[in-house]
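Colleague: Could you take me through this structure? I am new to it.

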Amino acid sequence: MKEQIIACVDGSRSTTAVCQWSAWVAPRLDAPVKLLHTLEKPANTDAGDLSGSIGLGSREELMVELIKLDEQRSRITQEQGKLLLAAAKDLFDSELPNDHAITIKTCLRHGNLVETLSDLEADTRLVIMGRQGEISSQVSQVGSQLENVVRVLHTPILVSVGEFNAPQKIMFAYDGSETGKKVLERLTISPLFKGLSCDLVMVGGEYEQLISAQSLLHNAGIMTTTYQLKSDVEAALKEHIQHHQIDLVIMGAYGHSRLRQFLLGSHTSRMLSQSPVSLLLLR
């Protein structure tokens, strides 16, 4: 059974918001949280074959020193990871409402983030990670592994963008496709967005589909306002986000029709890099 929420922390500027999102989501889903930090081996640690440039004795001495340095670097990196997770746990605890008791664990793993998340996916209900990774230099730059995670995982992914603000108004980008209907069904049974204002947005499409989706959301206790937009999908959605004070966008990561074209390929990168607010991507 999928129960846990995994929050990926890496020490980047997005780590604080990831912890805050986790503290907001966990009580609503009544789900335990696992703070995950992965230790990946640096790509440039191979000393190579030095036998052609230095004597055998010198090479053996150098290799011994390099092994010692590698071990020391590994210990330091591991200690840094433990400190990071401890600080993230303290932040999570401080952000958690006083009337909620949520189980939280920390997890320090060696290896690639995508592979680690794939290993943990069977028990995972939601993954939370920042748009900007540890090595990203620009505020809108997508983390080096985020796009791979979005493509590989089938678990919903909440992508934190900018500073955290508890969402008051959300936007569901609906296209009437089979994927869109599955996302709609998930929303109707999830307690995550109960009590929030929701803009139900469709770019083009059939108005009857929009009204039908609104009815389902209303019956689930999610009050919505419908908008049928025209023009380019990307431009229309971004304009609505900015003009209607949207705090969180919900959409299928892979769908059909024009929204599918918008999200696939280079459009995925554009959405992840250009959205001014956080995203909840579902497949």
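Colleague: What share of the chain's residues count as buried?

Modeller: Of the 283 residues, 46% count as buried, meaning under 20% relative accessible area with a 1.4 Å probe and protein chains only. This is a predicted model, in which local features need pLDDT of at least 70 and side-chain atom pairs pLDDT 80 or more, while totals for chains, interfaces and linings use all residues. Residues are numbered from 1 along each chain as its sequence is written, and side-chain values use heavy atoms, leaving out hydrogens and water.

Colleague: How many helices and strands are there?

Modeller: The chain has nine helices and ten strands; these are DSSP runs, helices being H or I of at least four residues and strands E of at least two, numbered from the N terminus.

Colleague: At what angle do α5 and α6 pack?

Modeller: Helix α5 (residues 178–189) and helix α6 (residues 207–219) pack at about 20°, with axes 8 Å apart. Axes are lines fitted to C-alpha atoms over the stretch in contact, and angles run from 0 to 180 degrees between N-to-C directions. The two helices are therefore roughly parallel, a term for angles under 35 degrees.

Colleague: Which residues make that contact?

Modeller: Leu184, Leu187 and Thr188 of α5 meet Ala213, Leu216 and Leu217 of α6, where contact means heavy atoms within 4.5 Å.

Colleague: And Gln214, buried or exposed?

Modeller: Gln214, found in helix α6, is buried, with a relative accessible area of 16%.

Colleague: What does Gln214 touch?

Modeller: Not counting residues up to four places away in sequence, Gln214 touches Leu200, Thr224, Thr225 and Thr226.

Key: Buried < 20%, exposed > 50% of the residue type's maximum accessible area, 1.4 Å probe, protein only. Parallel < 35°, antiparallel > 145°, perpendicular 65-115°, else oblique.
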